[in-house]
Amino acid sequence: QLKILINGGIEELASAKAHSQHVDGVMLGRAAYRNPYLLADVDAQFYNDSRPARSRHEVVEAFLPYTEERLRAGDTLPTITRHILGLFHAQPGGRRWRQVLSTRARKPGAGCEVIHAALAEIPQQSHSEVA
């Protein structure tokens with residue numbers, strides 16, 4: 001009747017999948033926060049979903065309406081964008097992405113234009129990536 005979960009030090013989906021053969025659940029907390037795109041292949045690897053994952057750019061575009069909604073509700077841009085700072089982890093332009101979001105989002109009245117500016121820092125060839 002016990003549910004056994006493993007939490008801590010799991011950095012990649014392959015490890016999570018291997019652990020999942022022996023426990024009821026696997027948590028990826030810090031790894032997923034540092035690199036949220038790590039989760040892009042969860043459905044394919046764990047649930048046999050054959051649909052292709054969205055690219056990082058598609059994720060950002062899908063995130064914009066949520067951002068606008070939260071800004072209208074009174075949230076500040078840093079409280080929203082902190083969750084996507086690592087989206088371009090280990091990708092060309094990823095450091096600049098984080099810098100733009102981290103510095104410009106704090107300015108009074110900052111909105112989606114900051115996210116667009118950060119996205120403009122990602123090299124064009126990366127715009128079609130999926131993995």
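Modeller: Asn48 is found in the loop between α3 (42-47) and α4. Helices here are DSSP runs of H or I, at least four residues, and strands are runs of E, at least two, numbered from the N terminus. This is a predicted model, in which local features need pLDDT of at least 70, side-chain atom pairs count only at pLDDT 80 or more, and totals for chains, interfaces and linings use all residues. Residues are numbered from 1 along each chain as its sequence is written, and side-chain values use heavy atoms, with hydrogens and water left out.

Colleague: Is Asn48 buried or exposed?

Modeller: Buried means under 20% relative accessible area, exposed over 50%, and partly exposed in between (1.4 Å probe, protein chains only). Asn48 has 70% relative accessibility, so the residue counts as exposed.

Colleague: What is the phi of Asn48?

Modeller: Most residues other than glycine have a negative phi. Asn48 is not a glycine, yet its phi is positive, near 55 degrees.

Colleague: Which loop holds Ala90, and what is its phi?

Modeller: Ala90 lies in the loop between α5 and α6. Ala90 is exposed, because its relative accessible area is 68%. Ala90 is not a glycine, but has a positive phi of about 60 degrees.

Colleague: Why is α7 described as largely enclosed, and how many of its residues are buried?

Modeller: The buried residues are Cys112, Val114, Ile115, Ala117, Ala118 and Leu119. They pack against α4, α5 and α6. α7 is largely enclosed by the rest of the structure because the buried count is six of eight.

Colleague: Are α6 and α7 roughly parallel or roughly antiparallel?

Modeller: Their axes come within 8 Å and cross at roughly 160 degrees. Axes are lines fitted to C-alpha atoms, for helices over the stretch in contact, with angles from 0 to 180 degrees between N-to-C directions. Angles under 35 degrees count as roughly parallel, over 145 as roughly antiparallel, 65 to 115 as roughly perpendicular and the rest as oblique. So α6 is, relative to α7, roughly antiparallel.

Colleague: Which residues of α7 make the contact with α6?

Modeller: Contact means heavy atoms within 4.5 Å. α6 contributes Trp97, Val100, Leu101 and Arg104. From α7 come Val114, Ile115, Ala117, Ala118 and Leu119.

Colleague: Where does His116 lie, and which residues does it touch beyond four places in sequence?

Modeller: His116 lies in helix α7 (residues 112-119). At 41% relative accessibility, His116 counts as partly exposed. His116 and Leu64 are 52 residues apart in sequence, and their C-alpha atoms are 9.3 Å apart. Not counting residues up to four places away, His116 touches Glu61 and Leu64.

Colleague: Arg56: buried or exposed?

Modeller: Arg56 lies in helix α4 (residues 56-72). A polar atom of the Arg56 side chain is 2.8 Å from the backbone oxygen of Leu87. With 4% relative accessibility, Arg56 counts as buried.

Conventions: A polar contact is a pair of N or O atoms within 3.5 Å; within protein, one must be able to donate a hydrogen and the other to accept it, and residues adjacent in sequence count only if both atoms are side-chain atoms.
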